[in-house]
Amino acid sequence: MADVVSLDQILDGWIDILQSRFKIEIAHDRQAAFFKAINQLGSSIGESEEGFLYRAQNRLLTQHDWAEIIHLATNHETRFYRYKAIIDLVSKYSREFARPRVLSVGCSTGEEPYTFAVEMNEKGFSNFQVHGIDISAPCISHARTGVYKQNPAIPDRYVSRNAAGQMKFYDWLKDFVSFEEHNVLSDQPIDFAQPTTIVTQNMLIYYRRESRIRILENLALMLPKGGYLITGPAEAEEAHWKPNYLERLTVASASVFRKSE
Ligand SMILES: C[S@@+](CC[C@H](N)C(=O)[O-])C[C@H]1O[C@@H](n2cnc3c(N)ncnc32)[C@H](O)[C@@H]1O
């Protein structure tokens, strides 16, 4: 490391490396918080700001380090029953399939996939699967435990509750739900064939237009004929995405596309 570099250059270095290696974009308003967190992570392993970036650029970090870095670079806010309109659409469209398969893209710590599973049980479905994917390894590890802070939105028959204020989904409910660490911008296939409904909400908003379109195109390719792609209201419109092999449905509460028969 011959040259001394400024903190701005170090931040630019991280932004560049996350973009070029993982296609992750860090929104401008999140860059300061990301930089603080990344430098704390570096100092926890005895590295200066510059030294930590040097190790990243020169492939001297472990897979575990990278999982932490990617986790810090992305926003993971989520909650159970976050947006009722999309939850209702998932149940409604699932009625069209003998074995509904719901894919939650950018599922964070799992509240969204478990919500779909609980709601589909409430609506009487018994033969379905929900799969959640997220780029963050810590989020997927948490999701797989099925343990959360107690939440009154989840009825007692799905969880056991303890005195420490936690709830844990019963194994029978967990059997409906699977999780996978996956970067939806990568070329790797998702380990969940033929999803009948794909939901991605509050994830596209962190990406620029070209990346949003690439994600939407990748997801559309996974759908079987008659399958649905749902995003939060305006998340697809903002990207001005106009797929020519999906039909756009008129739904006020979300952006909904259906693969033509
Ligand atoms: C704000 S959370 C939204 C969680 C949930 N969908 C909801 O609406 O409550 C966004 C999630 O997308 C994930 N994410 C961001 N980029 C991703 C990518 N390229 N591939 C997979 N997941 C990604 C983040 O790790 C984060 O957990």
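Okay, some ground rules. Since the model is predicted, local features need a pLDDT of at least 70 and side-chain atom pairs count only at 80 or more, while totals for chains, interfaces and linings use all residues. Residues are numbered from 1 along each chain as its sequence is written, and side-chain values use heavy atoms, with hydrogens and water left out.

Let's start with the ligand. How many residues surround the ligand? There are 19, and the closest are Thr78, Arg82, Asp134, Asn183 and Tyr207. Sorted by class, the shell has 10 polar, 5 nonpolar and 4 charged residues. Here Asp, Glu, Lys and Arg are charged, Ala, Val, Leu, Ile, Met, Phe, Trp, Tyr, Cys and Pro are nonpolar, and the others, Gly among them, are polar.

Now the polar contacts, meaning pairs of N or O atoms within 3.5 Å; within protein, one must be able to donate a hydrogen and the other to accept it, and residues adjacent in sequence count only if both atoms are side-chain atoms. Glycine 106 uses a polar backbone atom, 2.8 Å from a ligand nitrogen. Glutamate 112 brings a polar side-chain atom to 2.9 Å from a nitrogen of the ligand. For glutamine 201, a backbone N or O atom sits 3.0 Å from a ligand nitrogen. And get this: taken alone the ligand exposes 600 Å², and the protein buries 99% of that (areas by the Shrake-Rupley method with a 1.4 Å probe).

Is histidine 182 buried or exposed? Histidine 182 is buried, because its relative accessible area is 9%, and buried means under 20%, exposed over 50%, and partly exposed in between, with a 1.4 Å probe and protein chains only. You'll find histidine 182 in the loop between strand E6 (177–181) and strand E7 (197–200). Its side chain reaches the backbone oxygen of glutamine 188 at 3.4 Å.

Histidine 76 counts as buried too, at 19%. Look in the loop between helix H4 (63–73) and helix H5 (84–94); helices are DSSP runs (H or I) of at least four residues, strands (E) of at least two, numbered from the N terminus. A polar side-chain atom of histidine 76 lies 3.0 Å from the backbone oxygen of threonine 74.

Last stop: aspartate 156, in the loop between strand E3 (147–149) and strand E4 (159–161). Aspartate 156 counts as exposed, at 55% relative accessibility.

Conventions:
A residue is near a molecule or strand if one of its heavy atoms lies within 4 Å of it.
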